[in-house]
Amino acid sequence: MTAQIRTYEGLDDLSRAAADELTAIAKAAVAARGSCSIALSGGSTPKRLFQLLAAQGRGALPWDQIDLWWGDERTVPPDHPDSNYRMTREALIDPLQLSPTRVHRIPAELPDHDAAATAYERELVAALGSPPVFDLVLLGMGPDGHTASLFPGSPALREAKRFVVANPVDSPVAKGKTTRITLTAPALNAARHVRFLVAGADKADSLEQVLEGPPNPIKYPSQLIVNGDVAWLVDRAAAARLRGNP
Ligand code: 6PG
């Protein structure tokens with residue numbers, strides 16, 4: 001499957017384009033089905049997108065019909081500086097005063113990480129079916145080619161049935177040994193639309209391998225995302241090693 005790759009000057013341009021795409025997808029979903037479910041990515045890249053969406057004000061999107069989910073979460077409390085939920089709450093949820101009934105965070109603070117994954121999977125399947133079909137999945141990519149919390153060589157890469165798992169990881173990118181709660185490839189690949197947002201020169205080597213290298217999803221887990229409508233919104237720095245990069 002040939003990936004759609006769209007290159008932007010920098011993170012701001014990329015984020016504005018992502019805001020436009022999210023808006024179009026959300027409005028179409030609400031028009032067609034009365035609701036829209038979006039799985040958000042974590043890390044730092046999407047923060048600008050969330051800030052732009054918040055700056056547009058509540059009226060720019062049918063937020064009362066949009067359900068927010070997460071593609072992964074760190075096993076920390078929701079007010080921890082590393083929490084993906086906290087970043088989203090500060091950049092998007094609080095500024096737009098989104099309804100808590102539409103915000104479905106991963107209970108990653110639970111001491112039993114498997115129970116947290118099972119609880120989230122149960123909530124997800126009850127809302128979106130089996131497999132859960134998101135209208136949009138936003139993904140980032142780490143400098144090691146991971147996406148969500150599907151890290152190179154980690155057990156979750158081989159998960160073919162479950163949609164949410166607790167994934168033990170040991171990676172300098174994840175700040176050493178930890179457990180992450182993550183959606184799996186079967187869940188991510190069931191989405192109607194998938195958009196990767198990738199910015200920064202530190203991603204260039206992995207992006208070349210993921211998009212133009214030989215199939216090697218254990219080493220470059222972003223290659224696991226193959227179904228549906230997948231597009232990559234990348235900045236010039238991240239795209240520097242791609243063939244045909246202008
Ligand atoms: C996380 C993310 C992760 C992220 C990449 C890129 O919890 O960290 O879900 O998959 O998207 O690591 O992170 P940056 O956007 O910070 O480069």
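I began with A148, which lies in the loop between strand 5 and strand 6 (164–171). Strands here are DSSP runs of E with at least two residues, helices are runs of H or I with at least four, and both are numbered from the N terminus. A148 has a positive phi of about 50 degrees, although it is not a glycine. Most residues other than glycine have a negative phi, and most peptide bonds are trans.

I noted that this is a predicted model, where local features need pLDDT of at least 70, side-chain atom pairs count only at pLDDT 80 or more, and totals for chains, interfaces and linings use all residues. Residues are numbered from 1 along each chain as its sequence is written, and side-chain values use heavy atoms, with hydrogens and water left out.

Next I looked up the cis bond. The peptide bond from S130 to P131 is cis, with omega near 0 degrees. P131 sits in the loop between helix 4 (113–128) and strand 5 (136–139).

Then I turned to the ligand.

I checked polar contacts, which are pairs of N or O atoms within 3.5 Å. A ligand oxygen is 2.6 Å from a side-chain N or O atom of D72. For R74, a polar side-chain atom lies 2.7 Å from a ligand oxygen. G42 uses a polar backbone atom, 3.3 Å from an oxygen of the ligand. Taken alone the ligand exposes 410 Å², and the protein buries 89% of that (Shrake-Rupley method, 1.4 Å probe).

Last, I looked at the whole chain. I counted 6 helices and 9 strands. The C-alpha atoms fill a box of roughly 45 × 40 × 30 Å along the principal axes.

Notes:
Polar contact = N/O pair within 3.5 Å; in protein donor to acceptor, adjacent residues only side chain to side chain.
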